[in-house]
Amino acid sequence: MSPGHTRPPDSGWTRPLDDATPSSGLDHWREDMLLTMLGVALPLGSFLVMLGIAVALYKNDLVMVVTDVVAWGLLLALHHYRHLSHQVRASGVVLLVAGVGVSFMVSRIGAYGLLWLSAVPVMAALFLGRWMALRLVALIGLGVFGWAWWADIPLEAEPLVDEPALKWGLLAFNFITINTLIAVSAAVLLRRLDAALGEARAAQEAHRRLAESDNLTGLPNRRMLHDQLRHTLLRSRQVGEASAVLFIDVDNFKDVNDTYGHLEGDQVLIQVAQRLTGEVSAPSLVARSGGDEFVVLFRPPQDPGQDIRTQVLQLTQRLRQCLEQPMNLAGGIHYHVNTSIGVSLLNRPHMTVDDVMREADTAMYRAKALGRNQVAFFEPAMREALVDRMQLEHDLGQAIQTGGLHIAVQSQVDAQHQVVGAEVLVRWTHPTRGPLSPARFIPLAEHSGLVLPLGDWVLEQACKLAQELQQRGVTCPLAINISAKQFHQPGFDQHLLSALKRHGVPPSSLMLEVTESLLVTDQTDTIAAMNRLADQGIRFSIDDFGTGYSSLSYLKKLPLHELKIDRSFVDDLPHDANDVAIVDTILSMARVLGLEVVAEGVETQDQADFLLAHGCHGLQGFLFSRPQPPEDWLASLPTTPPT
């Protein structure tokens, strides 16, 4: 080994520690063995000592009498003084056995001594460790037996008594005593080892359960699910067993956490887990995949009269019914759970775990796209749609980074058709797909998180356009859409004000259009953030008013400047009585609250006349102007030189 190089402590190069090294488990076992052996040795040894003393007195063998008395006294002391350390008492036991063996050899009854000496290394190994046992083996083998050879001590036993039966009885009793002590010690050791192995197995099982179960719900986790799914796929290929995977997602679960807190959200997940397991019986399996997502590995009884699809539909109906029952949360809150369920049937050869999970996940998102609280089976077309969506998502990210997007501007006019504002709209002409509708790529941006860089880009373009308007002396607020994710981004207000300052335009140059979904969560924080921006001169408009979260109690607290009537209420004006009533109500409410109103999607003169007659003085739609490039829109405006 080169100088300065050290071996790692666990590399296997270090010398193994002696088993006499202090270890709480091993020390405990040895102490248990010692106490048990002393408890057995005391009555057996007492009987043997009394018998030995009687025989020795009969034979007039004082050495044997002294040996028996000393041995018995030491045995009593070791049994009584338990406060002594294990090392001292164990050494005393080993010395006692060795001393008896040597004294028997001195008394020229060597066969008895050999029995005792043979026990010394074994007992030393049990109580003191193998290194001490090896030392005693060497000492006895070289020292004691060397001395015995030098002293010419005979190996054959000198008869204590002439009667053969009594002589061999004494020899047998010595043998039984010594081997009883050894057997008891070994039995205790094995019992302790068995208990330790049991504890180790229990710890291993607990570790396995921990590694394969979800901490919150106690359900199998993704790892165990994948193992079980792997076995199910193998069985499906071997014996044709029909089975399926159900991917279950709790709809709008984020609202629970945002509204009631994460502790109540956890309670919802726990109750969902309990209800699912109550409806799904073995050998099927319920697992938690993560977050608010659960998976059922459905292995139904093989009924030739029912296909797997029918059985899955029956199961999903039961699951949805049990989950839709109110869940009791803290504070007397009753929460109703809706779920979107995607199903993948394990009915094709060579399917992998990843294939199944991906298909079930894809089908679940299809169920959400159908309006949530739905069930969808995976179809190959879904896979194609998923690949297409992922590719489009990638292309959108590239377009945001490389300038592949552009903006269009649509005017908002008053009763005299004078431009009183405009909306900045984002447009994307895909290099191979051509122009794409915002209805296609904006939801994609929302889902993928690209709405954040997209929103920043639109804000920058709007500020540039506002700067151009200011240079032309045109006063015309520009409306831009702000998503809830963008608005709730930390530091959004500072980012917005910084962009305005950088381009040298006043806050009143922009009208931030937000949807009612902004108020679904964190109402207090949202209102506070809107008020901070309003204090700086930013104006707000509620876009698509009436289609989302319409709470008048919060609406009156918002620093709003404007309401925008959604085009879905304008399309059938003035012929649809329901739309007439809704629009009239919105306009009346806006007058009471002192808000401006802009109606979007105005395409006919009848629509415009109705809106103007009922007090809506802001109109936006194809009747007056289509979205057009900024340069064309600027060219259509009358200019007033800046003062």
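Me: Which residue in strand 14 does Phe545 stand opposite?
Reply: Phe545 stands opposite Ile565. The model is a predicted one.

Me: How do you know that strand 13 and strand 14 pair?
Reply: Pairing takes at least two bridges. Strand 13 (residues 539-545) and strand 14 have 3 bridges, so they count as paired. The sense is parallel.

Me: What makes strand 14 and strand 15 a pair?
Reply: The cut-off is again at least two bridges. Strand 14 and strand 15 have 4, in the parallel sense, so this is a pair too. Here Glu562 stands opposite Glu596 in strand 15.

Me: Which way do the residues of strand 14 point?
Reply: Strand 14 covers residues 562-565. Glu562 and Lys564 point one way, Leu563 and Ile565 the other way. All are buried. In a regular strand, side chains alternate between the two faces of the sheet.

Me: Why is Ile400 called buried?
Reply: Its relative accessible area is 13%. Buried means under 20%, so Ile400 qualifies. Ile400 is found in helix 12 (residues 380-402). Leaving out residues up to four places away in sequence, Ile400 touches Leu405, Leu450, Pro453 and Leu454.

Me: How far apart are Ile400 and Trp428?
Reply: In sequence, 28 residues. In space, 9.7 Å from C-alpha to C-alpha.

Me: How do you know that the buried residues of helix 21 lie on the same side?
Reply: The buried residues in helix 21 (residues 605-613) are Gln607, Ala608, Phe610 and Leu611. Their arc around the axis is only 165°, which puts them on the same side of the helix.

Me: What do the buried residues of helix 21 pack against?
Reply: They pack against helix 19 (567-570), helix 20 (577-593), strand 15 (596-600) and strand 16 (618-620). Gly615 follows helix 21, with a positive phi near 95°.

Me: Which residues have the most contacts inside the largest nonpolar core?
Reply: Leu611 and Trp633. This core has 75 residues. Helix 14 (residues 451-472) gives the most to it, with 10 residues.

Me: What is Trp633 in contact with, leaving aside neighbours within four places in sequence?
Reply: Its contacts include Val409, Val419, Leu465, Leu469 and Leu478. Ser411 and Gln628 are also among them.

Me: How many residues does the second, separate core have?
Reply: The second core has 36 residues, including Val93, Val100, Phe104 and Leu126.

Methods:
Residues are numbered from 1 along each chain as its sequence is written. This is a predicted model: local features need pLDDT of at least 70, side-chain atom pairs count only at pLDDT 80 or more; totals for chains, interfaces and linings use all residues. Side-chain values use heavy atoms; hydrogens and water are left out. A nonpolar core is a set of buried Ala, Val, Leu, Ile, Met, Phe, Trp, Tyr and Cys residues joined through side-chain atoms within 4.5 Å. Buried means under 20% relative accessible area, exposed over 50%, partly exposed in between (1.4 Å probe, protein chains only). Helices (H or I, at least four residues) and strands (E, at least two) are DSSP runs, numbered from the N terminus. Contact means heavy atoms within 4.5 Å. The arc is that of the directions from the helix axis to the C-beta atoms.
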